[in-house]
Amino acid sequence: MENEWDAVVIGGGTAGLSAAQMLGRSRRRTLVIDSGMPRNRFAEHMHGVLGHDGSSPTGLLATGRDEARAYGVEFAAGVVIDLADEGAVLRVTREDGSVDTARAVVITTGIRDELPDVPGLREEWGRTVLHCPYCHGWEVAGRRLAVLATSAASLHQVELVRQLSDDVTVFTGEPWDESAIVRLSARDIRIVAAPVRAVTGRDGALAIETEAGEEVVVDALFTGGTPVLDLGYADGLRLARAEAPGSPLVADLRGATSHPRVFAAGNVTGPFGNVPLSMGAGSMAGAGANAMLAAEDFDRAVEERTALRNAGWEQRYAAEERFWSGRVNATMAAIVSGLEPGTALDLGSGEGGDVVWLAERGWRATGVDVSATAARRAADLAASHRVDADFRVGDGAASVPGEFDLVLASFLHSWEPDFPRLRMLREAADRVAPGGRLLIVSHAAPPPWAREVPVHAPVMRTPEEELTLLDLDPTRWQPELVEVRRREATAPDGTPAHLDDGVLLLRRVS
Ligand SMILES: Cc1cc2nc3c(=O)[nH]c(=O)nc-3n(C[C@H](O)[C@H](O)[C@H](O)COP(=O)(O)OP(=O)(O)OC[C@H]3O[C@@H](n4cnc5c(N)ncnc54)[C@H](O)[C@@H]3O)c2cc1C
């Protein structure tokens, strides 16, 4: 069975629950899938977490789950084994075969600490074998401490541990270079070069046995595990990885990864981060995923509105035998008559009157309209006039490839207040070839008989206003005509009247 979610959070540790809380509070249908093995499950107490000092890591997660549930977040126990891109959604498959789809996924599956291959270490991990002086150092301060070095970089860990106690032994495993020895000796740190054979918990302390047969008993041994990211389930997405230990996922401050629907936070993006960092990053990733979804909701709403508007035009054409007069627009004809024919594109070509007129005068003309009925009638008109003209069904200039010597937009108005006229005109400008022209003929004012009608009139501007709003690059565009032309008309009641046509003729100079 498939479940559809706004967001699926993979991994319900500190980072995942913080992301889930933000998503839940944003009223996103959110599922957290968690295999229940947070990295710090070996430790009974947690430190360095403001407001939660000394509290239990599992307790914090239990509280986090309750908080997220209060905002409608749902939880599923399980292991995610595959994450696949299906375009509008991601498909999340669990080990038990169950499948969820989500518009956004937050990856917060953390890391595994691969410990040095020493018998006994794993059993004592989180008790007498520790990794982080900040998390658990205070509790063993002043006692017998040791560091099991995994590389020369462990020198940094030794320096931090020495801050906690005067009694520190370092098991280097191999001879270190002279500068490191000088540094350790200067602070009275004992160095044992023989490899460690095994460690054993003994009455709350730890016995460390070396290959040389020596036994050293300490109260705590610090060592750094190698971070391992089990991200095989996301391999198909080829998420960008950083060149750092463990190859963590690359994510920005809002958790955005190289995949637009995938966010990530916590140790999976920063293996050395602690609980507060995972909390903060998780919170930002949840917010980042919600922001992506919110933007997409708006994009989809615009697409749906546009489809509705275009369907409306098709219905209007289909409802009548003929919609327009079939005659060329007189203002356009007067201006274009003075131009050398070339290639032309007419936006909103309707039943093809203007395009056929252009074709008859030697232009290689293309018309584009959202209505299939209009485009079919336009093609019939061209055939009856025995001219070649190309008619396409599409939404604006962006739907026709190539550049043209003349791009026309005649009376590209609509009654909807959200009709994107300026965007369409800018797209039209983008299709003008260097040296070519953009001709915009518009209603500069409502007809005199409609001027009393105050509501929902299409946006009508003077050519000057429109030129300013188009905001075209003045170094590339030279205005040739910016004026209002008055033309004779007949009002619906039969009385003579006039119409004001706005004319904007712009030449692309470069
Ligand atoms: C022993 C120890 C003690 C620590 N003590 C402290 C401390 O005192 N203070 C501190 O600030 N930090 C401490 N840390 C560090 C801390 O554990 C991490 O910073 C923190 O857990 C990172 O959170 P996370 O959400 O990224 O990952 P995790 O907490 O590890 O959560 C990842 C979750 O994802 C789940 N998961 C993994 N793969 C899948 C999958 N394929 N499908 C579904 N779920 C999956 C896991 O089961 C887990 O629940 C300690 C670490 C260790 C090892």
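Which of the 37 residues around the ligand come nearest?

Analyst: Keep in mind that this model is predicted. D34, S35, M37, H47 and V275 come nearest, out of 37 residues around the ligand.

M37 places a backbone N or O atom 2.6 Å from an oxygen atom of the ligand. H47 does this with a nitrogen atom of the ligand, at 2.8 Å from a backbone N or O atom. G273 also takes part: one of its backbone N or O atoms lies 2.9 Å from a ligand oxygen atom. On its own, the ligand has 990 Å² of accessible area, and the protein covers 96% of that.

Next, find the pieces of the chain that build the shell. Four elements each supply at least two residues: helix 1 (14-25), strand 2 (30-34), helix 4 (133-136) and helix 7 (275-318). Helix 7 gives the largest share, 3 residues. Sort the shell by class and you get 15 nonpolar, 19 polar and 3 charged residues.

Step back to the domains. The protein is divided into three parts: domain 1 (2-112 + 227-300), domain 2 (116-224) and domain 3 (330-508). Domain 1 is written as two stretches of sequence, 2-112 and 227-300. The ligand shell draws at least three residues from domain 1 and at least three from domain 2.

For contrast, turn to the cavity. The structure holds 1 cavity of 30 Å³ or more. The space in the largest cavity is about 30 Å³. Its lining consists of I440, S442, R461, T462, P463, E466, G502, V503 and L504. Strand 22 (432-443), helix 12 (463-470) and strand 24 (496-508) each supply at least two of the lining residues. Strand 24 gives the most, with 3 residues. By class, the lining has 4 nonpolar, 3 polar and 2 charged residues.

Then pick out helix 7, the element with the largest share of the shell. Finally, colour domain 1 and domain 2, each of which gives at least three residues to the shell.

Notes:
Residues are numbered from 1 along each chain as its sequence is written. This is a predicted model: local features need pLDDT of at least 70, side-chain atom pairs count only at pLDDT 80 or more; totals for chains, interfaces and linings use all residues. Side-chain values use heavy atoms; hydrogens and water are left out. Domain bounds come from an automatic or database domain assignment. On a 1 Å grid over the protein atoms alone, a cavity is a set of points where a 1.4 Å probe fits but cannot get out, and a pocket is an open set with protein on both sides within 12 Å along at least five of seven lines; lining residues have an atom within 4 Å of a point. Grid points are joined across faces, edges and corners, and a volume is the space filled by probe spheres set on the points. Ala, Val, Leu, Ile, Met, Phe, Trp, Tyr, Cys and Pro count as nonpolar, Asp, Glu, Lys and Arg as charged, and the others, Gly among them, as polar. A residue is near a molecule or strand if one of its heavy atoms lies within 4 Å of it. A polar contact is a pair of N or O atoms within 3.5 Å; within protein, one must be able to donate a hydrogen and the other to accept it, and residues adjacent in sequence count only if both atoms are side-chain atoms. Accessible areas come from the Shrake-Rupley method with a 1.4 Å probe; for residues, only the protein chains shown count as cover.
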